[in-house]
Amino acid sequence: MQPFAPDFFTFLNGSHRHLDEAGKRLLEAVTADDRTATLTLWREIEKQLLAHLEAEERYMLPAFARADQNEAVALVRQHGEIREKLLELGVAVELHRLRLPMLTDFVELLQNHAQREERLMYVWAKALLDDQISEPVRRHVATVT
């Protein structure tokens, strides 16, 4: 995770890239049936993903909702879906029952969600959002990384 990126947009995009790379490493660990690496990577992803979602919900989505309420609501709903899957897969990891198709679907969900955010909310944020929220978001995410 890049805790001090130059601006909010770059920071959150970097977070998406980091989570995507961690997801690829996790897929490799599951494919290799490396339970230790799977558990370690899962815990890293879970911690960082929850911090990322919370930062967006606390600092970005309320302002975005004033610009595009329907899209903001859709993104929050996707965050809920991501959290549900995160919990479900977390249990599977702990019980050593995580299977590649389950994880592949989750990684695809995260990638599609990230693309949607970057295409809509992040472009809006880069153009319009006050930079004053950048530092609180960086601090928030840095506390859990």
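Residues are numbered from 1 along each chain as its sequence is written, and side-chain values use heavy atoms, with hydrogens and water left out. Because the model is predicted, local features need pLDDT of at least 70 and side-chain atom pairs count only at pLDDT 80 or more, while totals for chains, interfaces and linings use all residues.

**Salt bridges**

Eight salt bridges are present in the structure. A salt bridge here is a side-chain nitrogen of Lys or Arg within 4 Å of a carboxyl oxygen of Asp or Glu. Helices are DSSP runs of H or I with at least four residues, numbered from the N terminus.

| Glu-44 | Arg-25 | 3.4 Å |

The side chains of Glu-44 and Arg-25 form a salt bridge. Glu-44 belongs to helix α2 (residues 35-67) and Arg-25 to helix α1 (residues 8-31), so this pair ties together parts that are 19 residues apart in sequence. Relative accessible area is used to class residues as buried (under 20%), exposed (over 50%) or partly exposed (in between), with a 1.4 Å probe and protein chains only. Glu-44 is partly exposed at 23%, and Arg-25 is partly exposed at 34%.

Glu-54 is partly exposed at 32%, and Arg-58 is partly exposed at 46%. Elsewhere, a network of salt bridges links Asp-20, Glu-21 and Lys-24.

Helix α3 has 26 residues, which at 1.5 Å a residue should span 38 Å; the C-alpha atoms at its ends are 37 Å apart, in agreement. The expected span is 1.5 Å times one less than the number of residues. Just after α3, His-96 takes a positive phi of about 60°.

Leu-87 also lies in α3, but at 61% relative accessibility it counts as exposed. Leu-87, Val-91 and Leu-95 make a nonpolar surface patch of about 300 Å². Patch residues have over 30% relative accessible area and no salt bridge, and nonpolar side chains are joined within 5 Å. Areas come from the Shrake-Rupley method with a 1.4 Å probe.

**The largest pocket**

The largest pocket holds about 280 Å³ of space. On a 1 Å grid, a pocket is an open set of points where a 1.4 Å probe fits, with protein on both sides within 12 Å along at least five of seven lines; lining residues have an atom within 4 Å of a point. The volume is the space filled by probe spheres set on the points. Of the 22 lining residues, His-16, Leu-19, Asp-20, Leu-110 and Gln-111 lie nearest the centre of the pocket. Helices α1, α2 and α4 (100-128) each supply at least two lining residues, and α4 gives the most, with nine.

Terms used: Patch = residues over 30% accessible without salt bridge, like charges linked within 9 Å, V, L, I, M, F, W, Y side chains within 5 Å.
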